[in-house]
Amino acid sequence: MNREAYMKLIEEISLNAWPSHKIELYDGWLIRFSHNYTHRTNSVEQVGVSSIPVEEKIAYCEAMYTNYHTPAIFKINPLLPPSFDKLLEERGYEIQHTTDVMTMELKNLHPYLPVSAEYEYYGRNSGLPSSIYYPNDAIVQLRDRITDEWITALFRLNGTTNPTLRRIVPSMFKAIPKETIVAQVEIDGRMIASGLGILDRGHIGLYAIYVDASCRRKGLARAIASSILTEAKKKGADKAYLQVVKGNTYAKHLYTSLGFQDFYTYWFRVKEMREPDT
């Protein structure tokens, strides 16, 4: 598979991995809306051939986001012609959230090695160990389902307090159509680190890696990522991918040490939409 075709595949499976609250297909463009939870789930992505003039399409998308009371956001990746990015710049769009996509052949994985693992039948668990024990008393718990309790704890880790987002985002997680590996580390029954692996076509995508500020630099993110990647490999995945915001040097160092390499970079063009005068 050539570079462009593989980039297209990664874009496709990452779309599968992170559904939006609402999606409209418009002449080969996906208009995604999620009350601005993340740029990825609240932006326009080009996925097919277009026939409508581009200026007309941009104006349509801007009107849609005005109705949604959120900024207009377009995702820009290397598969798009540079002229489109330039056009948005000329219309007053600014660059936000430049993101590096990293990939890895799982045969090159350098995992954090656990001390032991425990298998406890509690229901449907897809052969995953229930607990993986790492040095320094770090215990990664794995499940195959995203629970309401896990989502609520994730909101606390990533600082989501908006009532609308707390209402709609659980349904976005529940709408993920692929097999998942859900990870967490607890202290006294309280989740202090999280991770989510999503399997699709021989790939494992790493998502939702968060560690409570009071527990960082203790190897918890490394333990969670290693657990997910190792179990995905057992399930037959042979490649991995993730997305990390440029400038997050600690995360970049962690993922590089596990075996990930930079593949391509994307960013978002954002413009605040003015409400029409009434």
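Start by selecting Gln-243 and Arg-40: a polar contact of 3.5 Å joins their side chains. A polar contact here is a pair of N or O atoms within 3.5 Å; within protein, one must be able to donate a hydrogen and the other to accept it, and residues adjacent in sequence count only if both atoms are side-chain atoms. This is a predicted model, in which local features need pLDDT of at least 70 and side-chain atom pairs count only at pLDDT 80 or more, while totals for chains, interfaces and linings use all residues. Residues are numbered from 1 along each chain as its sequence is written, and side-chain values use heavy atoms, with hydrogens and water left out.

**Around Gln-243**

Gln-243 is found in strand E12; helices (H or I, at least four residues) and strands (E, at least two) are DSSP runs, numbered from the N terminus. With a relative accessible area of 14%, Gln-243 is buried. Buried means under 20% relative accessible area, exposed over 50%, and partly exposed in between (1.4 Å probe, protein chains only). Not counting residues up to four places away in sequence, Gln-243 touches Ser-14, Arg-40, Thr-99, Asp-100, Val-101, Tyr-207 and Tyr-266, where contact means heavy atoms within 4.5 Å.

Two of these names lead onward. At Tyr-266, select Lys-75: the charged end of Lys-75 sits over the ring of Tyr-266, 4.1 Å from its centre. The criterion is NZ of Lys or CZ of Arg within 6 Å of the ring centre and within 35 degrees of the ring normal. Another such arrangement is found at Tyr-26, where the charged end of Lys-57 sits over the ring, 5.8 Å from its centre.

**Salt bridges**

From Asp-100, go to Lys-246; their side chains meet in a salt bridge (3.1 Å, N to O). A salt bridge is a side-chain nitrogen of Lys or Arg within 4 Å of a carboxyl oxygen of Asp or Glu. The pair links distant parts of the chain, with Asp-100 in strand E5 (residues 94-105) and Lys-246 in the loop between strand E12 (239-245) and helix H7 (249-258), 146 residues apart. Asp-100 is buried at a relative accessible area of 5%, whereas Lys-246, at 47%, counts as partly exposed.

Next select Asp-85 and Arg-269, which form a salt bridge of 2.7 Å, N to O. Asp-85 lies in helix H3 and Arg-269 in strand E13 (residues 261-271), so the pair ties together parts that are 184 residues apart in sequence. Both Asp-85 and Arg-269 are buried.

For a pair of neighbouring numbers, select Asp-144 and Arg-145, joined by a salt bridge of 3.4 Å, N to O. Asp-144 is buried, at 6%, and Arg-145 is partly exposed, at 34% relative accessibility. Then select Lys-8, Glu-12, Lys-178, Asp-200 and Arg-201, which salt bridges with shared partners join into one network. A search of the whole structure finds 22 salt bridges.

**Aromatic pairs**

Rings of Phe, Tyr and Trp (its six-membered ring) pair if their centres lie within 6.5 Å; planes under 30 degrees apart count as stacked, over 60 as edge-to-face and the rest as tilted.

Select Phe-74 and Phe-84, an edge-to-face pair at 5.8 Å centre to centre with 65° between the planes. Phe-74 lies in strand E4 (residues 72-76) and Phe-84 in helix H3 (residues 82-90), so the pair ties together parts that are ten residues apart in sequence. Phe-74 is buried at 0% relative accessibility, and Phe-84 is buried at 7%.

Move to Phe-263 and Tyr-264, also edge-to-face, at 5.1 Å centre to centre and 75° between the planes. Phe-263 is buried at 12%, as is Tyr-264 at 4%. Finally, select Trp-18, Tyr-37, Trp-150 and Phe-173, which ring pairs link into a cluster.

**Nonpolar cores**

A nonpolar core is a set of buried Ala, Val, Leu, Ile, Met, Phe, Trp, Tyr and Cys residues joined through side-chain atoms within 4.5 Å. The largest has 37 residues, and those with the most contacts inside it are Leu-229, Tyr-255 and Phe-260. Select helix H6 (residues 220-234), which supplies the largest share of this core, eight residues. Apart from this core lies another, of 35 residues, among them Trp-18, Tyr-37, Leu-157 and Ile-198.
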